[in-house]
Amino acid sequence: MAEVVNRPDTAVNLPEMASEDSLALTTTKNTTEVTAPAEKKVKKIIRRKKRPARAQVDPATVKSEPPAQTGTTFNIWYNKWAGGDKEDSAMSQTHAKGRCNIALDSGYTKADGHPGAFFCLYFARGVCHKGQDCDYLHRLPGPYDIFPQNVDCFGRDKFSDYRDDMGGVGSFSRQNRTIYVGRIHVSDDIEEIVARHFAEWGPIERIRVLSNRGIAFVTYRDLANAEFAKEAMAWQSLEGNEILNLRWSLPDPNPMAQKREARRIEEQAAEAIRKALPAEFVAEIEGKDPEARKRRKIESGYGLEGYEAPDEVHFARGPNAVNPRGREGFELEHEQRLMLEAAEQEMMQEQQYDQPPPQQQQQQGGIFSSSTLAALQGAQVAVASKPAPKTSTGPLVAYDSDSD
């Protein structure tokens, strides 16, 4: 009888077919040892805290003095003069007291915790002394900063029409995103200078510079950025010592500009509808869903190899639609029409029954009997008409009497 001898020094190793991340098993002296897996590297995300807004001017230098008298009535609510202006502010040749620097001055304030807060007007002009204690936002307007139509991004009330000089807050009757820039010192690279200075306040859609007149028209993508830029660049300078005159632009009479504006409004409406609908439905309509694309290709082929019906054919509705889904609910249209015609005939018969017969009408007050009326209706009586009198061609034309 054979004896089985267990040697303690023998070891059985598993085949090296496992991956590096798997555990290695080793049997030695009837014991199983498990090796530790390799350590995985963990990336830590360090979020920087938002910096507080910086005070643009020294609070000690700020004095609450009433403005110089430029009118006849002082408005204590708006802190300015009104009525009978003594001078035109558009002809002012005084530089602005400060200028906003977005890279250094922007930061969080008390308004960051309040949704729907307005932007600081003094921050846009570069003269806010409150810093992080300000009750308004100290940053640039973004695409999601949307305000009511009757106020601007600073919370000031708009009016129904623009001022005569196209200055001031603006009008709520038109969404004006174009700024008129006057008093520009023309140079060889004036277009690049205007683009560099005005691109600081938000994304620009179009810039047009008229070098022969020293003016420019800057169109921003969003209305809030245009309102912010108008206040930030008022009475500022570009590269020379000029003092810019900023106003709202008049409507562009160019047909191409009007088409661009209409197209932009359509795109905004489409974007709003896209956000309101579910993402799966939008992806199916736009053809971005691969499964829906395959299903649409099969359904719109109608059994024809290599054919795909266009949208106007595939989504058509009515009794003559090619798509079977488009004919749903329209199969009984001819029967519905017959039902309507039958109802109209019944109404006409009811009206005839409601009318009294001719005999009753005669008895109620007629002067002819029913037999006389029947005889008159059946008889054909020819009545000789009286010849018309001849008109004279003399000086007294159509001069006769009523007795003839």
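Of the contacts in the chain with a separation of 6 or more, 54% are between residues 24 or more positions apart; a contact here means heavy atoms within 4.5 Å. Bear in mind that this is a predicted model, where local features need pLDDT of at least 70, side-chain atom pairs count only at pLDDT 80 or more, and totals for chains, interfaces and linings use all residues. Residues are numbered from 1 along each chain as its sequence is written, and side-chain values use heavy atoms, with hydrogens and water left out.

**The chain as a whole**

- You'll find 11 helices and nine strands in the chain; these are DSSP runs numbered from the N terminus, with helices being H or I of at least four residues and strands being E of at least two.
- Out of 404 residues, 24% are buried, and buried means under 20% relative accessible area, while exposed is over 50% and partly exposed is in between, using a 1.4 Å probe and protein chains only.

**The largest nonpolar core**

- The largest nonpolar core holds 40 residues, and V181, F198 and W201 have the most contacts inside it. A nonpolar core is a set of buried Ala, Val, Leu, Ile, Met, Phe, Trp, Tyr and Cys residues joined through side-chain atoms within 4.5 Å.
- Two or more residues each come from α2 (121–125), β6 (178–182), α3 (190–198), β8 (215–220), α4 (223–232) and β9 (245–248).
- Helix α4 gives the most to this core, namely five residues.
- Leaving out residues up to four places away in sequence, V181 touches F198, G214, I215, A216, V218, L244, N245 and L246.
- As background, nonpolar side chains tend to be buried together in soluble globular proteins.

**One side of α3**

- The buried residues in α3 include I190, I193, V194, H197 and F198.
- These residues sit on the same side of α3, because they cover an arc of only 110 degrees around the axis; that arc is taken from the directions from the helix axis to the C-beta atoms.
- What lies over the buried residues of α3? The cover includes β6, β7 (204–210), β8 and β9.

**Aromatic rings**

- There are seven aromatic pairs, counting rings of Phe, Tyr and Trp (its six-membered ring) whose centres lie within 6.5 Å; planes under 30 degrees apart count as stacked, over 60 as edge-to-face and the rest as tilted.
- F118 and F147 make a stacked pair, at 5.5 Å centre to centre with 20 degrees between the planes.
- F118 is in the loop between α1 and α2 and F147 is in the loop between α2 and β6, so this pair ties together parts 29 residues apart in sequence.
- F118 is partly exposed at 26% relative accessibility, while F147 is buried at 18%.
- F147 also pairs with F119: the ring centres are 6.1 Å apart and the planes are at 75 degrees, so this pair is edge-to-face.
- F118, F119, F123, F147, F154, W201 and F228 form one aromatic cluster.

- D105 lies in helix α1 (residues 102–105) and is buried, with a relative accessible area of 3%.
- The side chains of D105 and Q56 are joined by a polar contact of 3.2 Å. A polar contact is a pair of N or O atoms within 3.5 Å; within protein, one must be able to donate a hydrogen and the other to accept it, and residues adjacent in sequence count only if both atoms are side-chain atoms.
- Apart from neighbours within four places in sequence, D105 is in contact with A53, R54, Q56, R99, C100 and F123.
- T178, in strand β6, is buried at 17% relative accessibility.
- A polar contact of 2.9 Å joins the side chains of T178 and T219.
- Is F159 buried or exposed? F159 is exposed, with a relative accessible area of 53%.
- F159 is found in the loop between α2 and β6, and its C-alpha is 6.5 Å from that of G170, 11 residues apart in sequence.
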